[in-house]
Amino acid sequence: MDISQNSSASAANANGGITQTNDQDESKQNLNHVINSIDKTLGLLHQLHLTVSSFNVASQLPLLQRVNSLVTELDTMQRLADNCNIQVPMEVVNLIDEGKNPDEFNRDVINSCIAKNQITKGKTDQFKGLRRHLLEELDQAFPNEVEAYREIRATSAAVSRIKS
């Protein structure tokens, strides 16, 4: 690759990084717009609740205005949400529907990962023990071959370290 191709590749990588950063900033901004819309919708719902709970004939016009504002804000929220690419696991949605804290899902996933990690570590330790035991047995039966094997392993490990 000559110098001009190298600088073009560097510029492409740099621009790709900028594009990705801009996409992340835009995604965060879109998410913030949705969050603000949710907050506004919650405020409108609260106002609507107050209007309905103390309803009389004189409050009919404010009630209709608040219902229209709510519908408009829900429409805005839907349009803003279409620009966000957020995937929520169904388990989290089900927990929320059941009135539970969605943090329980995170806790359960983390605990599951910890348990699987401990199982995998146990298996790894058992295989290391088996390897060590086999080498001891082989060393007693075939000492020259095991010594050659250990030299080959040491050489290949040294070459691997140099390459990386």
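Over which residues does pLDDT stay under 50, and how many contacts beyond four places in sequence does the model have for them?

1. The stretch in question is residues 1–17, where pLDDT stays under 50. For these residues the model has one contact beyond four places in sequence. Where pLDDT is low, the predicted coordinates should not be read in detail.

2. Confidence over the chain as a whole is as follows. The protein chain has a mean pLDDT of 85, with 88% of its residues at 70 or more. Among its elements, the lowest mean pLDDT, 73, belongs to α1, and the highest, 95, to helix α4 (residues 103–141).

3. The secondary structure can be stated briefly. Five helices and zero strands make up the elements of the protein chain, in the order α-α-α-α-α from the N terminus on.

4. As to burial and surface, 11% of the 164 residues of the protein chain count as buried. The chain exposes about 13,400 Å², of which carbon and sulfur atoms supply 56%. Of the contacts between residues at least 6 apart in sequence, 45% join residues at least 24 apart.

5. Ser 59 counts as buried because its relative accessibility is 12%, below the 20% cut-off. Apart from its neighbours within four places in sequence, Ser 59 is in contact with Thr 51 and Ser 54.

6. Salt bridges number five in this model. One of them joins the side chains of Glu 73 and Lys 40, at 3.5 Å from N to O. This pair links distant parts of the chain, since Glu 73 lies in helix α2 and Lys 40 in helix α1, 33 residues apart. Glu 73 has a relative accessible area of 9% and is therefore buried.

7. Asp 125, at 36% relative accessibility, counts as partly exposed, whereas Lys 121, at 52%, counts as exposed.

8. The side chains of Arg 107 and Asp 108 also meet in a salt bridge, with an N to O distance of 3.9 Å. For this bridge the 4 Å limit should be kept in mind. Both partners are partly exposed: Arg 107 has a relative accessible area of 47%, and Asp 108 has one of 44%.

9. Finally, the cysteines deserve a remark. How many disulfides does the count give? The count comes to zero. Cys 84 is buried, at a relative accessible area of 17%, while Cys 113 is partly exposed, at 48%.

Notes. Residues are numbered from 1 along each chain as its sequence is written. This is a predicted model: local features need pLDDT of at least 70, side-chain atom pairs count only at pLDDT 80 or more; totals for chains, interfaces and linings use all residues. Side-chain values use heavy atoms; hydrogens and water are left out. Helices (H or I, at least four residues) and strands (E, at least two) are DSSP runs, numbered from the N terminus. Buried means under 20% relative accessible area, exposed over 50%, partly exposed in between (1.4 Å probe, protein chains only). Contact means heavy atoms within 4.5 Å. Accessible areas come from the Shrake-Rupley method with a 1.4 Å probe; for residues, only the protein chains shown count as cover. A disulfide is a pair of cysteine sulfur atoms within 2.5 Å. pLDDT is the predictor's confidence in each residue, from 0 to 100.
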